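Subject: The structure for you to look at

Hi there,

Here is the structure I promised to pass on to you. Have a look at it first, and then read my notes below.

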Amino acid sequence: MALELSKEVVSNFRNTMEKYQDKILPALLSKHGISPEQFVQVVMSEVKKNEKLLQAFKESPSSMFASILAGAEIGLIPSDMIGEFYLIPRNVKDGNKYKLIVTPLIGYKGLVSILLRGGDISRIHTEVVYEGDKFEPIYGLEPNIVHKPNFNVPRTSDKITHAYAVAKLKSGEYQFAVMSRAEI
């Protein structure tokens, strides 16, 4: 029964996506160099492999398509493998019961893509700092980061102390941001 229900939901979803592929997606995706066919294929793959997304489509199709169109509008493909943009099923209270909806989430690769498209940034570099690394962010008139990794100590997630991102601007200048473990 559940398998038949899933096939029916997938079929309904595919039919709706084909309507979007023909009418709405070309306008949204053309400026980003993404073909509607490619976008729909990736979305279909993501939805088929996640039972909760299928359930969310059934319970709240508007949240599903609002999330999909949000990704298309900013030129990010919703794919776990690509890591730019995610379709996240969430339980929300609707009166006395809960229903599954979909919310969009931009991944860090999506943020990097958007920043690079803006034209002011030529490169972005990110790093994680672990216990045992020499790490010294310097602020003021001559900002700088000194980071010397220590590969002789365990580099596991519980040993992360900071993360940082460095952007190289087209002007040749660098800007950076540092976050502590608590901020992450």
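Read along the sequence, the pattern of this predicted model is α-α-α-α-α-β-β-α-β-β-β-β-β. That makes six helices and seven strands in the chain; both are DSSP runs numbered from the N terminus, with helices being H or I of at least four residues and strands E of at least two. The radius of gyration is 21 Å, well over the 16 Å from the globule rule for 184 residues, so the chain is more spread out than a compact globule. (This radius is taken over C-alpha atoms, and the globule rule is 2.2 Å times the number of residues to the power 0.38.) Along the principal axes, the C-alpha atoms fill a box of roughly 60 × 35 × 35 Å.

Some background before the details. Residues are numbered from 1 along each chain as its sequence is written, and side-chain values use heavy atoms, with hydrogens and water left out. Because the model is predicted, local features need pLDDT of at least 70 and side-chain atom pairs count only at pLDDT 80 or more, while totals for chains, interfaces and linings use all residues.

How much of the chain is buried? Buried residues make up 33% of the 184 residues, where buried means under 20% relative accessible area, exposed over 50% and partly exposed in between (1.4 Å probe, protein chains only). The accessible surface comes to about 11,600 Å², and 53% of it belongs to carbon and sulfur atoms. Such areas come from the Shrake-Rupley method with a 1.4 Å probe, and for residues only the protein chains shown count as cover.

Now for the aromatic rings. The whole structure holds three aromatic pairs. Rings of Phe, Tyr and Trp (its six-membered ring) pair if their centres lie within 6.5 Å; planes under 30 degrees apart count as stacked, over 60 as edge-to-face and the rest as tilted. One of the pairs is Phe-57 with Phe-65, which is edge-to-face, at 5.8 Å centre to centre and 85 degrees between the planes. Phe-57 is buried at 8% relative accessible area, and Phe-65 is buried at 5%.

Why is the pair of Phe-135 and Tyr-164 stacked? Their ring centres are 5.5 Å apart and their planes lie at 20 degrees, so the pair counts as stacked. This pair links distant parts of the chain, with Phe-135 in strand β4 (residues 134–138) and Tyr-164 in strand β6 (residues 160–169), 29 residues apart. Phe-135 is buried at 17% relative accessibility, and Tyr-164 is buried at 10%.

Strand β6 also contains Leu-169, which is buried with a relative accessible area of 18%. Leaving out residues up to four places away in sequence, Leu-169 touches Asp-120, Ile-121, Ser-122 and Gln-175; contact means heavy atoms within 4.5 Å. The C-alpha atoms of Leu-169 and Arg-123 are separated by 7.3 Å, although these residues are 46 apart along the chain.

Last, a residue in a helix. Is Glu-46 buried or exposed? Glu-46, found in helix α3 (residues 36–48), is buried, at 7% relative accessibility. Beyond its neighbours within four places in sequence, Glu-46 is in contact with Leu-53, Pro-78, Ser-79 and Asp-80.

Enjoy exploring!

Best wishes
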